[in-house]
Each structure stands twice: as C-alpha cells, then as structure tokens.
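Please find below a short note on the model under review.

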Amino acid sequence: MTIKKFMMVNRKAPYGTVYALESLEVVLIAAAFEQDVSLAFLDDGVYQLKKGHQTKGIEMKGFEKTYGALEDYDVTKLYVDQESLAARGLTADDLCVPVEIMSRAELGKRMEEQDVVLSF
Amino acid sequence: MKFSILINEGPYTHQASDSAYQFAKSVLAKGHEIFRIFFYHDGVNNATRLTTPPQDDRNIVNRWSKLAEENKLDLVVCVAAAQRRGIVDEGEAKRNGKDATNLAPGFRISGLGQLIEAGIQSDRLVTFGD
C-alpha cells in the first residue's frame, strides 16, 4: 500500500465540540492503514493534551487516555505549538504525553512536508 | 488532477457544504476527477433526505444527490458519525433496530477507512469545515 504523510491538525478544546474526539478516530484509522501519521496541536487544541481531564460533571466520556495509547499504534509524532501553549500559561509539564514543542515557523515547515493535512 | 473532498459541517448552519459544492462543480467543469466526497462530523447531516428548506432557498441535500447522479460521484457518509446523529440507511436500521431510514439518494454509509483511502488515492484532499 502507498504510504503517505498524514497530519491531523487539532485546533479546538477537547469537550466544547466533538472535533477532538472524532479527530482521534481518524488518527486511529490512519494508523491502522499504516500511514505516516503525525498530530499537530495549536490554538485551544493544546488543551486536548492537558493532564487531568475531568468529565464526570459534564456527563461526557473522557478520552485523555487515548492520547497515551497512541504510541501502541506507532503514532509518536506529536507536535505542539509553543506560542499556543505559552498564551494559555501551559508548559510541557502540564501535558499528559511526551510531545515535541516547536515554534510556529517550525510547525509550518512540518505541515509543508505533508501529503495530506486534515484540520479539525 | 484527482481530487477528494472532506465536508465537516452540516447544511445551512455553516457555509462549508455550499463552498464544497461550488468547488466540486468547478473541479468537474475544469475536467478534473473527483475520487470521493466524504462527510464527517456534522457534515453527515448533508445526507438526510428529510430536509424541507423554503422553496426560494437552495436544497443542499438534493443538490448533492443530483450532482452525484450526473457525475457518478462517490458520496460517503462516515458510519460512526452518522450513527451518533441519526443518519440511517436500510442496513443500519436493521442492525441497530431503527424504525426508519433517511439516507438521501446517491449517498452511502461506510467507515473512516474510506477517508484515509481518499487521502492515499487522490492528488489533493480538500477540507471544508470550521
């Protein structure tokens, strides 16, 4: 099978809308198709990776654990926009998985290298 | 060039489906090929044949069905997103014990693998969404 570089760009907070959850479903399927998958987190999307999701009060299924399980699907390229993190008072220590934190310009370069960019 | 299109928003609330439709028509008019159009998130709501917009407004669902019929387009609705939002064909109705169906002509329900395949097979996968 042809292997292409897929990047899922996550720009929204985890529970305000369904985009984060349904983006993860695309990530898992792309991994099942053995594609070269990476994830980018920017804007409010960086909140998806924040440690300690508590969803009981809003009666929604939490999916923080899924980010931790991505490694089992050989999805290890997680890129986080430094500016978005800083603007929200977050650092790498606040995140639930190991990521590569980079500047917007560097993230732009990674996007440029992709065959398919899906933005959620 | 071979295109695929991803639509992530429902009809009328958001312009994504309108823009995607205009884009699809232009792609075809320029002699390009459309490998697949995939509906995800609230985009699956583009596939219900039960919409009744006012007569002087565009009928977004019928427009997709017509474009698909005229150009033999593959309109695919994500099954998991469709199940959440009540977009049902006969197979899904049977499987999930529903008493009705609402999938519009020209659409079919299938898995997310169809989106990934579209990304692999097409020269360009163009997303319309928020």
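1. In which helix is the place of Arg104(A)? Arg104(A) lies in helix α4 of chain A, residues 104–112; helices here are DSSP runs (H or I, at least four residues) and strands likewise (E, at least two), numbered from the N terminus.

2. The model is predicted: local features need pLDDT of at least 70, side-chain atom pairs count only at pLDDT 80 or more, and totals for chains, interfaces and linings use all residues. Residues are numbered from 1 along each chain as its sequence is written, chains are lettered from A in the order in which they are written, and side-chain values use heavy atoms, without hydrogens and water.

3. Arg104(A) counts as partly exposed because its relative accessibility is 41%, where buried means under 20%, exposed over 50% and partly exposed in between (1.4 Å probe, protein chains only).

4. Leaving aside residues up to four places away in sequence, Arg104(A) touches Asp43(A), Asp81(A), Glu83(A) and Ser84(A); contact means heavy atoms within 4.5 Å.

5. Turning to the chain pair, 22 residues of chain A are in contact with 19 residues of chain B. The rule finds three salt bridges across this interface, a salt bridge being a side-chain nitrogen of Lys or Arg within 4 Å of a carboxyl oxygen of Asp or Glu. Arg84(B) and Glu25(A) meet in a salt bridge through their side chains (2.9 Å, N to O).

6. On the side of chain A that touches chain B, α1 (19–32) and β5 (116–119) each supply at least two residues. The most comes from α1(A), with eight residues.
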